[in-house]
Amino acid sequence: MPYHVVAFTMAQVRQGALEFQRQLSAALRETKDLKVYSVSPFDLEERRRFKDRFGGDVVYFFNDAARDLIQLQGSDLQFAAEISDSELPRRRTLVVGIPD
């Protein structure tokens, strides 16, 4: 399954770019297959690697369901790339979704 990458600068985060978390979390009652991951805050090397690769201070990975729903809601998130499951960070944090 592909994941869709969004990278934010710290300035964007301070300006409210993480509002998508609230929107998607509210939708979990109806759509349980939403998944959004971020690089684990405890893995500094991995965070640096993804920052260098995608150009943001904070990088998120949306599954298809999360991307589709956020776009339906009219969000202007800019998806920078698409990656496969195998390219996800080894250590990651589930930001939106129900753990498997």
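D43 is buried (under 20% relative accessible area, with exposed meaning over 50% and partly exposed in between; 1.4 Å probe, protein chains only), yet D43 has no salt bridge. A salt bridge is here a side-chain nitrogen of Lys or Arg within 4 Å of a carboxyl oxygen of Asp or Glu. The nearest side chain of opposite charge, R90, is 4.2 Å away from D43; Lys and Arg count as positive and Asp and Glu as negative, while His and the chain ends are not counted. The structure is a predicted model, in which local features need pLDDT of at least 70 and side-chain atom pairs count only at pLDDT 80 or more, whereas totals for chains, interfaces and linings use all residues. Residues are numbered from 1 along each chain as its sequence is written, and side-chain values use heavy atoms, with hydrogens and water left out.

D43 lies in the loop between β2 and α3. Helices (H or I, at least four residues) and strands (E, at least two) are DSSP runs numbered from the N terminus. Not counting residues up to four places away in sequence, D43 touches R90 and R91, contact being heavy atoms within 4.5 Å. R90 itself forms a salt bridge with E46, with 3.7 Å between the closest N and O atoms. R90 lies in the loop between β4 and β5 and E46 in helix α3, so the pair ties together parts that are 44 residues apart in sequence. R90 is exposed, at a relative accessible area of 63%, whereas E46 is buried, at 2%. E46, R49 and R90 are linked in a network of salt bridges.

The structure holds seven salt bridges. In one of them, the side chains of D57 and K51 meet at 3.0 Å, N to O. K51 lies in helix α3 (residues 44-54) and is partly exposed, with a relative accessible area of 38%; D57 is also partly exposed, at 28%. Apart from residues up to four places away in sequence, K51 touches G56, D57 and V59. K51 and A7 are 44 residues apart in sequence, with 7.9 Å between their C-alpha atoms. In helix α2, R22 and E19 are three residues apart, about one turn of the helix, and their side chains meet in a salt bridge of 3.0 Å, N to O. R22 counts as exposed at 61% relative accessibility, and E19 as partly exposed at 36%.

Five strands form an open sheet in the order β4-β1-β3-β2-β5, with antiparallel pairing; two strands pair if DSSP finds at least two bridges between them. The edge strands, β4 (81-83) and β5 (92-96), each pair on one side only. Neighbouring strands of this sheet are turned by 35 degrees against each other on average, direction ignored. β1 pairs with β3 over five bridges and with β4 over three bridges. V5 stands opposite F61 in β3 and has A81 as its bridge partner in β4. Three bridges join β2 (residues 36-39) to β3 (residues 58-62), where F61 is the bridge partner of Y37. Helix α4 (residues 64-72) packs on the sheet, touching β1 (3-8), β2 and β3, and its direction makes about 100 degrees with that of β3. Five of the six residues of β1 are buried.

Helix α2 (residues 19-27) packs against α4 at an angle of about 110 degrees, with their axes 11 Å apart. α2 is therefore roughly perpendicular to α4. Angles of 65 to 115 degrees count as roughly perpendicular, under 35 as roughly parallel, over 145 as roughly antiparallel and the rest as oblique. Axes are lines fitted to C-alpha atoms, for helices over the stretch in contact, and angles run from 0 to 180 degrees between N-to-C directions. The contact is made by F20, Q23, L24 and A27 of α2 and A66, L69 and I70 of α4.
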